Amino acid sequence: MFKLNFKIALRNLWKNKVYTAINIGGLSIALAAFIVVLLYVTYETGYDKDVPNYDRIYQVGRNLPDHKTDYTPAPLAKVIQDNFPEVEVTGKMSTTWFEFPIQTEKGRVYSTKALLLDYKVAKMFNIRPEGKLADENDPGLQLYVPKLFFNKLFPNEQVIFPKQVSLGPKKAGQFVKLYGTIERTDEHSNIKFDVVSLSKDISFDNKDYGTNNFKTFIQVKRGANIEALQQKIDQLYKREVIKAGASANDYRIAGRSVIFLDPLKNLHLKPMAGSDTNYKIVFALFGLGILIVIIACINFTNLTIAQATKRAKEVGVRKVLGAYQLNLTYQFLAEIFMQCLLSLALGLIIAEVLLPVFNRLFGIPLSIWHGDQTLFAQLLLILIGVTVISGIYPALVLSAYKPASVLKGNMQTSYKTRWLRNSLLAAQFVIAIIFIAGLLIVNNQLKYMRAEDKGFKSSQVVFIKNIQFYNKAKDFEQARNKMMKIPGVNYVTVASDIPDGSKPGTNTYKLGEQESSIDFIDVDFDYFETLDIKLKSGRFFSRNFMADTAGSATLNESAVARYGVTNPVGKIIRGCDMDYKIVGVVKDFKAQGFEAAVEPTIYSIKNPCNNQKIKIMVNIDQRSMTAALAALKSQWPSINNLDGDDFRYEFLDELYGRLFKKQEQLQSVFFFAAMLTIFIAVLGLFAFSAFTTNNRIKEISIRKILGATDFQMFKMLNTFFIWIVLISNVIGWPLAYILAKNWLETFAYRIDIPLFPFVLAALISTVLTVLTVSIQARKAVKTSPAEALKYE
Amino acid sequence: MIELKNIEKYYANKGVKSYVLRHVTTNIKQGEFVSIMGPSGAGKSSLLNILGMLEEPTYGQYEFMGEDVVSLSERKRVELYRNHIGFVFQAYHLIDEMTVAENIEAPLLYKKVPGSERKSRVADILDRFNMVAKSDLFPNQLSGGQQQLVGIARALVAHPTIILADEPTGNLQSVQALQIMDLFKKLNEEDGITIVQVTHSEVNAVYGNRTLHLLDGVVNEERNKIG
Ligand SMILES: Nc1ncnc2c1ncn2[C@@H]1O[C@H](COP(=O)(O)OP(=O)(O)OP(=O)(O)O)[C@@H](O)[C@H]1O
Ligand SMILES: [Mg+2]
């Protein structure tokens, strides 16, 4: 029986080759997309999953009045360990925030993300160096570098660890002991580093509660009450802070619970101290994947139902020969299962082809054949899910046919299923229209962001990496003068922050009676000139005014608005225990991109609470760029006398452009999804219209004999579908509008939603429909009536 | 075997009832050979469909082998199809995707006849109908008459107790038609199979023991003279 049914299924599929191809093709493409999304979601939600006590590891963070942070004071880890028996292990981690060189006589490498780890944290995260085994009681720092670095530092050399290497530039290097190599190819972890230093206590018994430079991790015992622990740690922390000298009503601790415990599994996607954009993206992609599969399932269902009439007679006959309805339901489900299986197999192949593109776009290493069985379990679930979603309805409809009505030959698809089919078709179009309109709006916003004045010019600015501090203006003078001699160099400056989207420091400043926490950036002369920032009132910093290096400040418009002063120039603003005289106000510029509004910011040359001024920017004439860069490179050791080993630079343009990367990813995904949904919807429409047209061939022939023109026939066949598309547009527009509005609201600087995406979506959908339907209609109209009516 | 009491069938269309069958009361005993005749649209196919439990009467009582059909479960009805009833349709109704041999084999599959026996029975009947050469063709590769033969073969292969045939010879050449009638007669007399056939032909009708004349849904009976 099974064999026969199988044979019949194959014959049926073969007989309706075109529909079968459309069904399976559409579904397999959608499944391919879904497989990629699934891999991505699994990857993104699986950070650190292979850490042994994954579920019991938490990061300790602090609630500050205006934001949350995962920076904690050094002694916290130890007091938690000492006070709470339910905590098994605690430890600290500390990141470096600048690039520095590691060198030997033979070679030099740059570390970009060095890390300090307590042994206990390293162990907690299963981070194990090779080479000399770490001595857990050694209070000193033990440095480990990857093989790649090691080979550059010690080319062709037998090394006995520990071995001395120098950290920092040649002229100001510090010697440390290299203990071995560490290989962490897997970047699928929250703890990322290129080189790492392990120690018993990376803070060297630091007891200071005033500065918060460490990240604290704890591992709790099985079954520990996290909420209670969080409260206890909070109380402990407040006691300790007060013991260390803070007042009980200090605004940083008073009246709130400060400490929070953030589980390891949330750290990558939605850390409490950080943004949950990643989580939203993963979530949205997952939704998109499901949506696409559902559209494909709808398509499948629709086409199968549409073809059901062809199988009706078979159902009637089989029932009369003694088949139960259930037998037939199974038979049809099995047929659909076969098609789904085939689609899945094809989908896997397509996914394999798509993955490299996706990996490049998102910068991740996804692979189907990762040796991970979860995917195959998931695929099995998908297979069953898709079979049920797309198959159950047709199978039930088909197997429920009454033999009497189908065998009598007055078989009519009932109005009920026709209604359903039309709604499903409309639903596909609604989704396609949302994607078309959405894509156009996303494109528009991105175009706006690229073209819109960001308030400064990044195109001729080169950012030079450096770790020598130039905190005092006169320290930088010599370097500046040397650079200014190079032809094409217009301006040179150094600052604590550059406009690449990074967040500068914040501090409390008082202007008049108003006290407020605002951003501060420590700059040098020519900062505004280098970036071509516009002056609103007053003046820029100038070497002609001695006081500028001692106590002058410039505010941006937002800061002036924040303090609500009308004529700020000449007034005094107080912060970091000193008075600044405001000498100028500059126009706001979008140093941090388009998503957040420009922060109120104060710029000053002198700042006792400073961040280090190490970021050098040079404004160079576009025409002399190459020559100037070459000159800078060759003269760099003499220009930058301490950190002059290598001339390393980036174009500010490119740095700023990276801020758009997330949105560009979104754009690509949207583009892909839009194409896919349109493609699937058109496939569905094609098969659907082919089918209805075929069913009406007899009617068309008779009408032609009665004298209808071809045009009238085209009109008749198109009208119905045009109605469906129009209705879909009417439903799709408001949905697209709401979604686009929500998305645009994540930008402080955004476009107004224009009309044309909607008009274009309507146009595209209508034209595609008329084209698709007319191809079918042409065939029907061209068939000679004699041919069509012969078999009656 | 079949007892019909006061069977009524009408279709309501916009509130107007159009009757197809009125007060049909008749018995068909095991081993009878009954012909149903009447003009087009008289309700012959409808009556046969009701006999075959494909349609339900609007009113009336119908017992098949002593069981009330109205309250019959699907399971029970399917059992009857498998073991007792063989249909021959006016429009053949072969499954297009099955070959001749597969079409004939299908009822045996549902009856769960073992494979080897299925093969031999199918081969037998193909032989009997002179269709061995056509066994691997699909219905659309056959002439109308040949399809009719396959339809009949399919009804016979499962050894039913009763055959319900709607114009079984409508598309056959008269010599072939008579051969089929002879076959029916033989099955009826030698194997005791009950046969109910709808026919337009007086010649065919007299093969039966009796004829039901349908006119506008009303039955008139007549007993055929044997011979
Ligand atoms: N679904 C239906 N709705 C309304 N009327 C119907 C329906 N099915 C059949 N009829 C009517 O029932 C009557 C009997 O139909 P039936 O098919 O039984 O005729 P018949 O005697 O078999 O005719 P023929 O010799 O042409 O095959 C016809 O008048 C037909 O119009
Ligand atoms: Mg009839």
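User: What makes β14(A) and β22(A) paired strands?
Analyst: Six bridges join strand β14 (residues 489-495) of chain A to β22(A), and the two run antiparallel. A pair needs at least two bridges found by DSSP, so β14(A) and β22(A) qualify. Strands here are DSSP runs of E, at least two residues; helices are runs of H or I, at least four; both are numbered from the N terminus. This is a predicted model: local features need pLDDT of at least 70, side-chain atom pairs pLDDT 80 or more, and totals for chains, interfaces and linings use all residues; side-chain values use heavy atoms, without hydrogens and water. Residues are numbered from 1 along each chain as its sequence is written, chains lettered from A and ligands numbered from 1 in written order.

User: How do you know that β13(A) pairs with β22(A)?
Analyst: Strand β13 (residues 461-464) of chain A has four bridges to β22(A), again antiparallel. Val461(A) has Asn619(A) as its bridge partner. Tyr491(A) also stands opposite Asn619(A).

User: Why is β22(A) called largely enclosed?
Analyst: Five of the six residues of β22(A) (615-620) are buried, so the rest of the structure largely encloses this strand. Buried means under 20% relative accessible area, exposed over 50%, partly exposed in between (1.4 Å probe, protein chains only).

User: Why is Ser45(B) called partly exposed?
Analyst: Its relative accessible area is 25%, which falls in the partly exposed range. Gln90(B), at 39%, is also partly exposed.
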